[in-house]
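I opened the model to look up a few elements in turn. My notes follow the order in which I checked them.

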Amino acid sequence: MAAPLEALDRVNLLVVTGKGGVGKSAVTAALGRLLAARGRATLLVEADPRENLHQLLDVDPSGGDLVSVAPGLSLQHVHSRALLDDLVRDKLKVGLLVNRVLQSPIHQHFTEGAPGLKETAVFGHILRLLQGHGLRAAPRPDVVVLDAPATGHGVQWMMAPRLVADVVSSGPVGHMATEIAALLADRRRCGVVVVTLAEEMPVEETIDLLDLFESRLDLEPELVVVNALYPPLPTSLADDDPVTGLWRHRRRINERELERLEVRWRGPRVELPLLPIDPGPPLVGALGRHLELGLRRS
Amino acid sequence: MTGHGTSLEVVVGAGGVGKTTLAAAMGLRSAASGLDTLVMTFDPSHRLKDALAVGDAARDREVEVDSGTPGRLDASLLDPRRTFDRLVERHSPSTAVRDRILGNRFYDHLAGNLAGVLEYMAVERLFEVARDGRYERVILDTPPTRQALDFLGAPERIVSFLDSGALRVALKPWFDAGGRLRATSRLGVLGRNVEGLLDRMVGLELLRDMAEFFQAFGPLYEGFRERALEVQRLLRSPETSFTLVSAPGRRRVADTLFFARKLLEAGLDLGLVVVNRVHPMVSEAGPEPQRADPGAQDGRHLLAWLGRRDREGVDELRALLGARHPLVDLPLLLEEPTSLEALDALGRMLEERVTNRRS
């Protein structure tokens, strides 16, 4: 297997998945910082209904616009529903009818209910950006890092374009979905990063996720990031006052769950420490440094 | 409303905050107090399943837990798909209609994908067991949505979906006998454009499945609609109370407040707010022998920081919630409780903290 850092340097799209509460956004931001520092024009795309990344990077909320974070690093928050409506505007040329169509309950319910359409719209937006069609004002990104919503499984996101491509065989949407499905299946261009905690439920869910990626998509992530580990106890620490006891137990849970994860996942893995830093640029910077160190080691 | 004096406790909160474990602990204590109790959980860890001894046998049905409590304790795992299937079976006027729906490809997608179906099915199950009156108390653990708003809005959304013009339009024969899309004349140019667009967006084949599904589903609408309204009433009835579980730390305060406000706005009874897994307050300086060890000092510093962070979060949330909504915090335990004894201890601790707060 290629070194994970080389893999991250190569791809045009990185999809970061993980359940809520595991620090997925902080890891996304740290990955973005790292890639930008390595000289790649990096765009972070956030698709969760609630904006979060801007706080970690200390910039204004995106509200759908492109926000510059640092040289080579920018951020955009997207609403899948709005992107879907854009797609309608784009594909339906009769201007007068656009609004009535968009407001029509049939359109709302059918496109809402149609499997994979909203996810595909988000990927379609990313594809346009990567092809240089999206933003006139900004340079084309070398790599887009997608912070996928925490709800549902990452598998659902990765499967969506193929699902759409299967049922919509012709027309512009069908073509677009086929093109996206090809991008997502191309390991030279697209990679997946799974973020988890070394705790019981998150590891169970991660193992399920890895199984689903393999069985449904024949996909292996580039990297599994295990976040927020309690530090190892110094061997000299013998006396168990209550605080040391708690530390020892929580670290033991971390180690036990890391072992359980290792049985299922022998690929690249980076461990990030639980840090006494409030969410914000200093935390992102520190996580970025640990991430780079870990990537060089793994 | 429930008719048999069944009280309902709905445990809500973001994913990963320990809702399932708390629901199990509350269930055990309820049974210990002599009430026949059912805990309905969504997605317990393997070890919690082992502790409650509910394997796949408990999927979508009730299994007795060997709890040794004066009241009976049952547990059940929610399986939204099976609940949906059963609803379709119950409301279908004939086996032909039932088979048409269950065999429809769009139903397959809908049952797993339409926003709110999962959440709605959880409430449906709650309603089923509340109505049959076997239990004096039912504790429902809710699906792990980020804000859990989908869950609260689910009955409303189903009702509004069923009331919307979309269905009446969808019920119209879109396809002729040959399976070709008809231009819906009443909609005129708009209709043709919508169809043309949907064809290009969704694909004709799937569209046909969807139209067929809605037609097959037609006779079931009224039954579904009535139940959704009843579920709405059930959630607002005085016997139903919500327990909101939150992770500690100041960052979570905004999330928790937001959710509390949504509960109240929806006319629901917010009972208890539980801040779970709070790190203890710790002095920076450890015991004498540790002070010379930099590794020990770093760890100590981290734990002291975590303790302060969590304490600030709890204090801030308590101040913002005010006196009307009791808030209790539960400490981060050495191990996640996965035995009946540990669950019982957690449940007792919760009870004690609630009592102390009230006295």
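How many residues has helix α7 of chain A, and what span does it reach from its first C-alpha to its last? I count 14 residues, 117–130, and a reach of 20 Å. That is close to the 20 Å expected at 1.5 Å a residue. I keep in mind that this is a predicted model.

Next I checked burial along α7(A). The helix is mostly covered, with 12 of its 14 residues buried. Among them are Leu117(A), Lys118(A) and Glu119(A) at one end of my list, then Val122(A), Phe123(A), His125(A) and Leu129(A). Just after α7(A) I found Gly132(A), which takes a positive phi of about 80 degrees.

I then moved to chain B. Why is strand β7 of chain B, residues 270–278, largely enclosed by the rest of the structure? Eight of its nine residues are buried, so the strand is largely enclosed.

Which strands pair with β7(B)? I looked at β6(B), residues 240–246, and found it joined to β7(B) by five bridges, running parallel. Within this pairing, Phe242(B) has Leu270(B) as its bridge partner.

Terms used. Residues numbered from 1 in each chain as written. Chains lettered and ligands numbered in written order. Predicted model: local features only at pLDDT ≥ 70, side-chain atom pairs only at ≥ 80, totals over all residues. Buried ≥ 20, exposed ≤ 12 C-beta atoms within 10 Å, placed from the backbone. Helix = DSSP H or I, 4+ residues; strand = E, 2+ residues; numbered from the N terminus. Pairing = 2+ DSSP bridges. Expected span 1.5 Å × (residues − 1).
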